Amino acid sequence: MMPLGTAEVAKIAHLARLAIREEEVPDYARNLSAILELVEQMNAVDTTGVTPMAHPLDMVQRLRADEISESNQREHFQAIAPRVDAGLYLVPKVIE
Amino acid sequence: MHEKTIAQLSASLATGEFSSEELTRALLERVERFNPSLNAFITVTAESALAQARAADERRRQGAAGLLTGIPIAHKDIFCTDGVRTSCGSRILDRFIAPYNATVVERLNAAGAVMLGKTNMDEFAMGSSNETSFYGPVRNPWDLDAVPGGSSGGSAAAVAARLTPGATGTDTGGSIRQPAALCGITGIKPTYGRVSRWGMIAYASSLDQGGPMARTAEDCALLLGAMAGFDLRDSTSVDRPAPDYAALLDQPLTGLKIGLPKEYFGEGLDSAVARVVEDAIAEYRKLGAETVEISLPNSHLAIPAYYVVAPAECSSNLARFDGVRYGHRCENPKDLLDLYTRSRGEGFGAEVQRRILVGTFALSAGYYDAYYLKAQQIRRLISDDFRQAFAQVDVIMGPTSPTVAFNLGEKVDDPITMYLSDIYTIAVNLAGLPGLSLPVGFVGQRPVGLQVIGDYFTEDRLLNVAHRYQQVTDWHQRAPTAFA
């Protein structure tokens, strides 16, 4: 893996929906490349046939009856929203 | 009063030596006096603490008090507390008033514990020094030039400075054990699934686990007893009754088999720390335990695997902070994309952004197999190492951290060096095992922690192993002079 360049960092930042100041991009590129270099120590080990471990405990997800268990708390939860109107969350216009 | 442990305070409250209100007032005064130099608390909830204390005193008058009734504690600011700011150490949640209580908070409330406030932490629990907090670094009570460790650095410093007898913490890669070690207190990360994660702001969901931090193993047992247990609202909570940890503390250690992984005593370990840890292990031999050298051959892969798994999960978990429903929103967004990107860019600090970016990259098209899948395979190898070890030994011991507390600013500009501070703790999270750190001495005036790792659901054994040591040593009773 080659070190990440500034264009790649900008692309990843877009995917992550993070606005990064242009002057900070080289720093991020350097740090991310160093982290990926660290991570790539994993490649020294052959893991062919090793079952991936997604979760520390081999457990299955519990199922429950499909019943309503929550009460409507819209006003309570919207009290901490940045902008709401008539029970709706407001964002900039999406459709012209 | 502040010099007493939870067990001692509980006894004093029971005999009426003082009331919870008096105790709470005394500790709030200490917080007011000492917090400016430590920065251990982000929010102090003095008024509600006194109300809870009075309610606890009333409950006692009615004869309904338990062991934790009226005991003041502090919560790491990662646990949602109804009506109280829950910042997670981040600007993005600086004005977030949680609309409900985390299960851990509910359970401790139900036991009658009194919340003094919310403790400082690395932003979203990402850090090993408490320097990534939006609210500024916490200082180590043993030496104000030193970091307290992280991410539960505020909880550790507050307990060490006797501002609170106990606190909650969370541990994703060492965030209870490493600050406990660096501040000279006791802390336990339970088995994954033992303590409910509901209402605990998620960082890396397959690794995160809450646990108690206090001065003694006995106090951790009391707190864990209240915190642990099945919770329907956490889909990974384990439906298995928690034992009475406090009742199991006194089992003798005769015949205990302690595994000493050669990988935990090699290169990278500070030689002065090694000597202190070896002295502690010698003490265990005197208590009747036998030691055997073991190997955890994939230990060196824990940090690389962690820095794929944790960032990948964090990039997914932190996607919820979008500036729409709660948390920071940028001024005058020109469109929806601008709203998302600037709210997040302004709201998250540098380390959180780095981890989100690493995780996004690792999960992006074409890289999944090379990073996330590979890391999960390494995770299996690490877990298998422990499985084989526990076929031979009862517990594993070694240093909690390779060094004592480092100086503020020393590692903050170099993420990789900072990451190495968790070299002995991270594998435990990857495997999902319980791990405990207890104070076993000093290098200069900075504390050293011994890590004890157990097989799944052996928290009772870990607390017992730590307690027996604390019956014959007094490291856990040492107080930093400025806060004695």
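Two strands are counted as paired if DSSP finds at least two bridges between them, and strands themselves (E, at least two residues) are, like helices (H or I, at least four), DSSP runs numbered from the N terminus. The legends describe a predicted model, in which local features need pLDDT of at least 70 and side-chain atom pairs count only at pLDDT 80 or more, whereas totals for chains, interfaces and linings use all residues. Residues are numbered from 1 along each chain as its sequence is written, chains are lettered from A and ligands numbered from 1 in the order in which they are written, and side-chain values use heavy atoms, with hydrogens and water left out.

**View 1**
In the hairpin of β10(B) and β11(B), 2 residues lie between the strands, and B:G444 takes a positive phi near 65°. Strand β10 (residues 435-443) of chain B runs antiparallel to strand β11 (residues 446-454) of chain B, and 8 bridges join the two; B:L436 has B:V452 as its bridge partner in β11(B). β10(B) is also joined to β5(B) by 3 bridges, again in the antiparallel sense, with B:K189 bridged to B:G435 in β10(B). Of the 9 residues of β10(B), 7 are buried, and the strand is mostly covered, where buried means under 20% relative accessible area, exposed over 50%, and partly exposed in between (1.4 Å probe, protein chains only).

**View 2**
Strand β6 (residues 209-214) of chain B has 6 of its 6 residues buried, so the strand is largely enclosed by the rest of the structure. Strand β4 (residues 166-171) of chain B is antiparallel to β6(B) and is joined to it by 6 bridges, with B:G169 standing opposite B:G211. Strand β5 (residues 186-189) of chain B pairs with β6(B) over 2 bridges, also in the antiparallel sense, and here B:T186 has B:A214 as its bridge partner.

**View 1. The packing of helices α9(B) and α12(B).**
Two packed helices are described by the angle between their axes and the distance between the axes. Helix α9 (residues 302-317) of chain B and helix α12 (residues 369-392) of chain B pack at an angle of about 130°, with their axes 9 Å apart; axes are lines fitted to C-alpha atoms, for helices over the stretch in contact, and angles run from 0 to 180 degrees between N-to-C directions. That angle makes α9(B) oblique to α12(B), since angles under 35 degrees count as roughly parallel, over 145 as roughly antiparallel, 65 to 115 as roughly perpendicular and the rest as oblique. From α9(B), the residues B:A302, B:A305, B:V308, B:V309, B:A312 and B:E313 make the contact, and from α12(B) the residues B:Y371, B:Y372, B:A375, B:I378, B:R379 and B:I382, contact being defined as heavy atoms within 4.5 Å.

B:V273 is found in helix α8 (residues 271-286) of chain B and, at 2% relative accessibility, counts as buried. B:V273 and B:V443 are 170 residues apart in sequence, yet 6.8 Å apart in space, C-alpha to C-alpha. With neighbours within four places in sequence left aside, B:V273 is in contact with B:P399, B:S401, B:P402, B:T403, B:V404, B:V443 and B:V448.

Most residues other than glycine have a negative phi, and most peptide bonds are trans. A:A86 has a positive phi, near 55°, in the loop between β1 (84-85) and β2 (88-89) of chain A, and is exposed, with a relative accessible area of 68%. B:A125 also has a positive phi, near 65°, and lies in the loop between β3 and α5 of chain B, but is buried, with a relative accessible area of 4%. A cis peptide bond, with omega about 10°, joins B:G150 and B:S151, and B:S151 is placed in the loop between β3 (114-119) and α5 (153-160) of chain B.

**View 2. Helix α7(B) and the glycine that follows.**
In helix α7 (residues 217-227) of chain B, 9 of the 11 residues are buried, so the helix is largely enclosed by the rest of the structure. The buried residues include B:D219, B:C220 and B:M227. B:G229, which follows α7(B), has a positive phi near 145°.
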